[in-house]
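Thanks for opening this one with me. Have a look at the sequence and the fold, and then read the points below alongside them.

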Amino acid sequence: MTLPDTVPASFAALGLRDEVLRAVSDSGYTEPTPIQAAAIPHVLAGRDVIGVAQTGTGKTASFVLPMLHKLAAGRARARMPRSIILSPTRELATQTAANFETYGKYLNLTMALIIGGVGMGDQEKLLDKGVDVLIATPGRLLDWFERGKVMLTHVQIIVIDEADRMLDMGFIPDVERIMGLLHKREQTLLFSATMPPEVRRLAARFLQDPAVVEVARPATSAASVDDVLVPVDGAAKRARLTALLRAEKVGKAIIFCNRKREVASLARWLQREGLNAKDIHGDLDQAQRQASLDAFKEDKVDYLVATDVAARGLDIDDLPCVVNFDVPLHAEDYVHRIGRTGRAGKSGRAFTLVTEEDGRYVDAIERLMARRIKRMADPAPRERDATEPVGEAAVAVPGERGERRPTRRRSEATPPTPTARVARHEPEVERVLRERGRRGGERRPGGDPLPSAGEAVVFGERPDLPMFLARPVPSRLLGRSKDD
Ligand code: AMP
């Protein structure tokens, strides 16, 4: 089956029931996003679906809306949820639950949330009465199942949300176990920002003849995010960060660290430096995480220091700036991180502190994005107006200038600086770009050239994914704890 050339321009055309349409309209949404337009008809038709999409594309509503439509007919039985949504993190689970409440307000459906860190007495009572939708993290769900608090035999629809993140966090075995317990499962929906081999295997094992629906997120476009690498001496990173925030007049930002230990201590450092910062990571309880997030959203906090996992799924719109205190170890995380700014046609900025040791991670990011990221020329950024874009003029061509290293004696042999190191790899990036140009764009095996970044790609039953999404990432678990 091929998708129609044009996607439905209204929610009504998708065939959703009136109660759902009214709630969508109350939310102010007039047009389905590409993932919604492509996925909803398949879900309504009862097909298994693989949705390759990340946060920010409207992917949550792409399964919540048709699920509400379908569940409206039928009734839940005690302790036997009719549908389950598996989320990798508590935050994502909470946000999905909020979506159900928003879009389900004109329906008489019940929902329970099983996550760690919040009192579960109320949820248990709800489950005892019977729920239509159960939203859970995999470990917690298994825990409740083993204690006999929930029965999984009557689950008809299961959603595995952010499957690649489940993989990162080591949850795939739990997901597989849960899938094996769902004997009456009629429909499985799997969403993932990327499709590493383990996620493909999971899909191949549990999904039947799935429709594959994919969107490339506009936020990956180089045009909407002005991203810059900032060379830094590893020992002086924190001081460099505060200097950067001040010099670049970064008034509000998410600051990403690779490890949760760093998150807490960096937030304390920023606070001691007089900056209004809060942290968000897995060692905080649910109430504390939510409080940090709410304060940030309400502009009571200027800087939210976060791990990828803690920030994953957080619905923070209109973020003017992202700072990578650490270069992400997985190139895709770079795209996710900077994709939090420059949304909805607005421009955003992203700064990444790069030490000497980070060269190979920068290489991987540039290869993934098939473009070179600009380098900031001088370690002490000049004062400039916050509205002035970080243009090429402020940035050196790699290798033109090295990083100043004030702590070293002049006579000391200077090791390759981050810029110099990256510059040595420059031909590789250029080679990839050149080859793509020669081929007329990246090609799926046997498929058409892919549109450039920034365009949305939507297609129906084509298991062949764009190469950059399909590329295996063998080191996914490298140096990453369950919560990092
Ligand atoms: P998600 O990708 O599900 O995390 O959604 C990202 C954001 O898009 C959320 O703030 C949603 O409320 C919003 N959103 C979802 N559907 C639409 C739509 N059809 N039009 C505009 N915004 C939407």
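1. A word on the ground rules. This is a predicted model, in which local features need pLDDT of at least 70 and side-chain atom pairs count only at pLDDT 80 or more, while totals for chains, interfaces and linings use all residues. Residues are numbered from 1 along each chain as its sequence is written, and side-chain values use heavy atoms, with hydrogens and water left out.

2. Please keep confidence in mind.

3. Start with helices α2 (residues 34-44) and α3 (residues 59-71), whose axes are 9 Å apart at an angle of about 30°. Helices here are DSSP runs of H or I, at least four residues, and strands are runs of E, at least two, numbered from the N terminus. That angle makes α2 roughly parallel to α3 (angles under 35 degrees count as roughly parallel, over 145 as roughly antiparallel, 65 to 115 as roughly perpendicular and the rest as oblique). Residues meeting here include Ile 35, Ala 39 and Val 43 of α2, and Leu 65 and His 69 of α3. The contact of α2 with α3 divides into eight nonpolar, three polar and two charged residues.

4. Next, compare α6 (residues 138-146) with α8 (residues 172-181): they pack at about 45°, with axes 9 Å apart. The pair α6 and α8 is therefore oblique. Among the residues in contact are Leu 141, Leu 142 and Phe 145 in α6, and Val 175, Ile 178 and Leu 181 in α8. Seven nonpolar, one polar and three charged residues make up the contact of α6 with α8.

5. Which residues of α8 are buried? They are Ile 172, Val 175, Ile 178, Met 179 and Leu 181 (buried means under 20% relative accessible area, exposed over 50%, partly exposed in between, with a 1.4 Å probe and protein chains only). These buried residues pack against β2 (83-86), α6, β5 (157-160), α7 (163-168), β6 (187-192) and α9 (197-206).

6. Finally, visit Gln 290, which lies in helix α12 (residues 286-297). Gln 290 is partly exposed, with a relative accessible area of 26%. Gln 290 and Ile 280 are ten residues apart in sequence and 8.5 Å apart in space, C-alpha to C-alpha.

Definitions and conventions
Axes are lines fitted to C-alpha atoms, for helices over the stretch in contact, and angles run from 0 to 180 degrees between N-to-C directions. Contact means heavy atoms within 4.5 Å. Ala, Val, Leu, Ile, Met, Phe, Trp, Tyr, Cys and Pro count as nonpolar, Asp, Glu, Lys and Arg as charged, and the others, Gly among them, as polar.
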